[in-house]
Amino acid sequence: MAFTACSPKIVNTKPPDPVKIDVIKAEPPKPVVFNPHAATDSIYTFKTDSLLAIVKQQQSAMLFDSTGVAAIPSEWIGSVNFGIRKANYVIIHFTGQDSIAQTIKTFTLKITEVSAHYVIGKDGKVFHLVNDYLRANHAGVGKWGSVTDMNSISLGIEIDNNGTEPYTDAQIKSLLYLLAQLKKTYNIPTANFIGHQDFAPRRKPDPGPLFPWKLLADNGFGYWSDPVLEPAPDNFDYKTALRLIGYDTSDINAAIIAFKRHFVQDDSTAQLSPLDLNVLYNVYQKYAP
Ligand SMILES: [Zn+2]
């Protein structure tokens, strides 16, 4: 058969290689996670960096006499043997606020100047806000024994509670787990788990008479009176006993009220009944043996 000009010309060639299509596995789109605390987290990081700069400073002692003239020559020589200071107390607080969200807001606003290492929500969720090795602003002005700068040697735990409601089982359960971990990690003595009211009886009512101190003591955090009480001696010096436990007795009424809110819990008057005195006598022997 003859081919015309427009007839297809049959050329016996190899069929073209199939076009390779690279299959690109598309990554599923990453969900955009909005972190409402990103701004304050970055302030936290900036602050820790600036604190590290202070730690790195090599500074010789500056010893001046009373006239302000350096009296003793001094020199920096770095020792090779040191570590980081650890907390030796735990201070328990209630937030006195209506929600965990309100408290987190309070602790992430610079203007409030307050914070705590931990906050425990009503559902038992534990929020960690300040590294345990850093100084949170939770205890403020007060005195316990001879300790006045409690913030420098303590961890502050705030419990979401408005001050008039019972603590939830979930938050107490989480608190006990947290305390066990802190006690072990930092080797905190049993006696050194106290309330904000104990440290600052003139200023603070927390964690208040609804806080389960007996349960804490049963688990090795703080002390509680024995079930059978020996009567306090007739000449029992309750003021000295309170002072030796740790209370600031410069305002004795405030000290008694704080003691009762912690160890008696059924009334918050400044009077010590015979039973209260027996409790005090018993507790005093644990704190000041
Ligand atoms: Zn407090």
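In which loop is glutamine 265 found? Glutamine 265 is found in the loop between α8 and α9, where helices (H or I, at least four residues) and strands (E, at least two) are DSSP runs numbered from the N terminus. The structure is a predicted model, in which local features need pLDDT of at least 70, side-chain atom pairs count only at pLDDT 80 or more, and totals for chains, interfaces and linings use all residues. Residues are numbered from 1 along each chain as its sequence is written.

The phi angle of glutamine 265 is positive, near 75°, in a residue other than glycine. Glutamine 265 counts as partly exposed because it has 15 C-beta neighbours inside 10 Å; a residue is buried if 20 or more other C-beta atoms lie within 10 Å of its own, exposed if 12 or fewer, and partly exposed in between, with C-beta atoms placed from the backbone. A positive phi, near 60°, is also assigned to glutamate 113, a residue other than glycine. Glutamate 113 lies in the loop between α2 (100–107) and β2 and, with 7 C-beta neighbours inside 10 Å, counts as exposed.

An open sheet of mixed pairing is formed by five strands in the order β3-β2-β4-β1-β5, two strands being paired if DSSP finds at least two bridges between them. Strands β3 (126–128) and β5 (193–195) are the edge strands, each pairing on one side only. Three antiparallel bridges join β2 (residues 118–120) to β3, and isoleucine 120 has valine 126 of β3 as its bridge partner.

In helix α7 (residues 238–245), the buried residues are Ala241, Leu242 and Ile245. Viewed down the axis of α7, these residues fall within an arc of 100°, so they line one face of the helix; the arc is that of the directions from the helix axis to the C-beta atoms. Their cover includes α8 (252–263) and α9 (274–287). Glycine 246, which follows α7, has a positive phi near 145°.

The chain is assigned domain 1 (86–224) and domain 2 (225–289), with bounds from an automatic or database domain assignment. Their C-alpha centres lie 22 Å apart. The contact takes 16 residues from domain 1 and 16 residues from domain 2, two residues being in contact if their C-beta atoms, placed from the backbone, lie within 7 Å.

The peptide bond from aspartate 206 to proline 207 is cis, with omega near 5°. Proline 207 is located in the loop between α5 (196–199) and α6 (213–218).
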